[in-house]
Amino acid sequence: MIGYAIAIKHYTAKARAMARSPRAAVLHFLDIQKALPIVRRVAHHTPLLSSQQLSAQAGCPVLLKAECLQRTGSFKIRGALNKVASLTEEELRRGVIAASAGNHAQGVALAAREAGVACTVVMPVGASLAKVEATRGYGATVALHGDSFDQALRRAQELAQEQGLTFVHAFDDPVIVAGQGTLGWEICQDAPDAGLVLVPVGGGGLIAGVALAVKTLSPRTRVIGVQAASAPAAERSFHGRRRVRVPAAPTLADGIAIAEPGATPWPLVRRYVDDVVTVSEEAIAHAQVLLLERAKLLVEGAGAVGVAALLERAVPVTARGPAVAVLSGGNVDLNLVSRILEHGLAQAGRYQLLEVALPDRPGQLARLLAVLAAVGVNVLDVDHIRNAPGLPFGQVMVEITGETRNQEHVGEMARRLQEAGYVLVAVPVPGSTEPLQFAATE
Ligand SMILES: Cc1ncc(COP(=O)(O)O)c(C=O)c1O
C-alpha cells in the first residue's frame with residue numbers, strides 16, 4: 001500500500017493535466033515508466049509462452065504474451081489502475097463511471113475497488129452475461145443501455161455530467177494509453193530480440209501504448225495492429241492516413257468491434273505502428289481452437305486475432321527474431337465455448353455435418369455407416385428423420401455428425417460416398433458448420 005501511495009504521489013502535475021484534456025496531450029515513454037509501479041502493485045507481469053505447434057503452423061518462432069491470464073482476464077486493468085491513480089481526491093470522491101462491452105468494465109471496477117472508490121459501468125444490453133456478472137462481482141453498479149458500445153458510451157457521458165461522476169474512457173485518454181504501454185515494456189524485458197509484435201486493435205489505446213514502449217526500447221522490432229475484417233475501422237484509417245468511421249459488423253472479435261479509432265491514441269499509432277492488417281472470422285475461430293488445444297489457453301476472439309494473422313499469413317514474418325502475439329483477453333462466456341469450438345473444428349475440417357436422403361428400407365443406414373467407417377470417419381451422432389419437410393414418400397433423412405482429421409479427409413469422405421453411389425446435392429462453403437448433403441441412388 002505504501003509503494004502504491006508513493007507511486008501515486010510521483011504522478012506528476014503534467015499527467016494530471018493530460019488526464020483532463022486528453023486530446024491536447026502528448027505521451028512520452030516516461031509516462032509508461034511512471035505507470036509501471038502503479039500497475040505492478042495490482043496487475044500480474046504476465047508470462048510469455050512458447051508454442052512449438054503454433055510456431056510450426058506459422059512458419060516462424062511464436063511467443064504468446066498471455067494477457068488472458070491477467071487479473072480481470074484482460075490487459076484493461078493496466079490502464080484503469082493508472083487512470084484511477086492519476087485522479088485528484090475530489091475526482092475520486094465523486095466516484096468513477098465507464099462505458100464498456102466488458103473488459104474495460106472489469107478493469108475499472110477492480111481498479112476502483114482497490115482505491116476504495118464507487119464505480120458505475122454502462123454496458124450495452126447485449127453484453128456477455130459473464131462479463132456483466134464479473135463486473136458486479138468487483139463491486140461496480142452496472143447499468144445496461146443501448147445496442148452498441150457507442151450508445152453505452154453516450155449514456156455514460158450523460159450520467160457523468162448529470163451526476164458529477166468522473167468519466168474513465170476505455171482508450172481515448174493518454175493516462176489509459178500509458179497504463180496499457182506497460183504491456184509493451186514487459187514484452188521488451190522478456191523478449192528483447194522480438195522481430196514482430198502483433199497487437200489487437202479496437203480504439204487503439206493498447207497498440208498506441210505498446211508501440212511507444214516497443215519502439216523506444218527496441219526500434220527495429222516491427223509492431224503490427226490486427227483487426228477483424230468485419231470491423232476494420234483502424235485498418236482503413238491507417239491506410240487512408242486519416243481516422244474514418246466504419247460501422248462494425250458482428251464478429252467473433254466483439255471486444256475490438258469499434259467504429260472509429262480514438263483521437264488520443266491515433267497520432268501514436270501513425271507514428272510508431274508499422275502496419276494494420278485484418279483477419280477473417282475463419283482464421284479467428286481456428287486460432288481460438290489452436291490456442292485452446294495446443295497452448296491450453298482460453299482466449300476470446302479479440303485476443304486471438306494476432307495468432308489468426310500468423311496462421312493466415314497476413315503479416316510477413318521477419319528473420320530477426322520471434323513473433324510475439326499479444327493474447328489481450330480471455331473473457332469468453334462459457335456457454336459460447338462449445339459454439340466456438342464447433343466453428344473452429346469445422347474450420348480445421350475436424351468436424352463435419354452430413355445429411356443423406358436414403359430409401360426407407362432395411363440395411364440402408366448400415367450401408368452408409370459402413371462407407372464412413374471404411375474412410376475412417378468417427379461418427380459422433382446420428383439422427384434418423386422420417387418426416388423432414390420436402391422429403392418424398394418412402395425416403396428418410398439421416399443427419400450425421402462426424403469427426404474428421406482435416407479438410408483433405410472431408411474431401412476423401414465425399415469422394416468415397418460418391419464412389420459408393422451417393423449423389424452430392426449441396427456443398428457448403430469449406431469449413432462452415434452447414435451440412436454436406438447427399439442422396440442415395442436407388
Ligand atoms: C480483449 C481485447 N483486446 C484488445 C482490445 C483493444 O483495445 P483498444 O481499444 O485499446 O485498442 C480490447 C478492447 O476492449 C479488448 O477487450
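**Entry 1: helix α10.** I looked up α10 and found it mostly covered, with 15 of its 17 residues buried. A residue is buried if 20 or more other C-beta atoms lie within 10 Å of its own, exposed if 12 or fewer, and partly exposed in between, with C-beta atoms placed from the backbone. The model is predicted: local features need pLDDT of at least 70, side-chain atom pairs count only at pLDDT 80 or more, and totals for chains, interfaces and linings use all residues. Residues are numbered from 1 along each chain as its sequence is written. Helices (H or I, at least four residues) and strands (E, at least two) are DSSP runs, numbered from the N terminus. I noted that α10 covers residues 174-190 and reaches 25 Å from its first C-alpha to its last, close to the expected 24 Å. The expected span is 1.5 Å times one less than the number of residues in the helix.

**Entry 2: the ligand.** Which residues are closest to the ligand? I listed Gly202, Gly205, Gly255, Ser328 and Gly329, in a shell of 21 residues. To be near a molecule or strand, a residue needs its C-beta atom, placed from the backbone, within 6 Å of it. Helices α7 (103-115) and α11 (205-217) each supply at least two residues of the shell, and α11 gives the most, with 3 residues. By class I found 9 nonpolar, 11 polar and 1 charged residues. Ala, Val, Leu, Ile, Met, Phe, Trp, Tyr, Cys and Pro count as nonpolar, Asp, Glu, Lys and Arg as charged, and the others, Gly among them, as polar.

**Entry 3: positive phi.** Most residues other than glycine have a negative phi. I looked up Thr72, whose phi is near 70 degrees, in the loop between β2 (62-65) and α5 (76-86). Lys296 also has a positive phi, of about 60 degrees, and lies in the loop between α14 (281-294) and α15 (305-311). Which is buried and which exposed? Thr72 is buried because it has 28 C-beta neighbours inside 10 Å; Lys296 is exposed because it has 9.

**Entry 4: a sheet.** I traced an open sheet of 4 strands in the order β5-β4-β3-β6, with parallel pairing. β5 (141-144) and β6 (166-167) stand at the edges with a single partner strand each, so one side of each has no neighbour in the sheet. Two strands pair if DSSP finds at least two bridges between them. Strand β3 (residues 96-99) is joined to β4 (residues 119-123) by 4 bridges. I found Ala98 opposite Val121 in β4.
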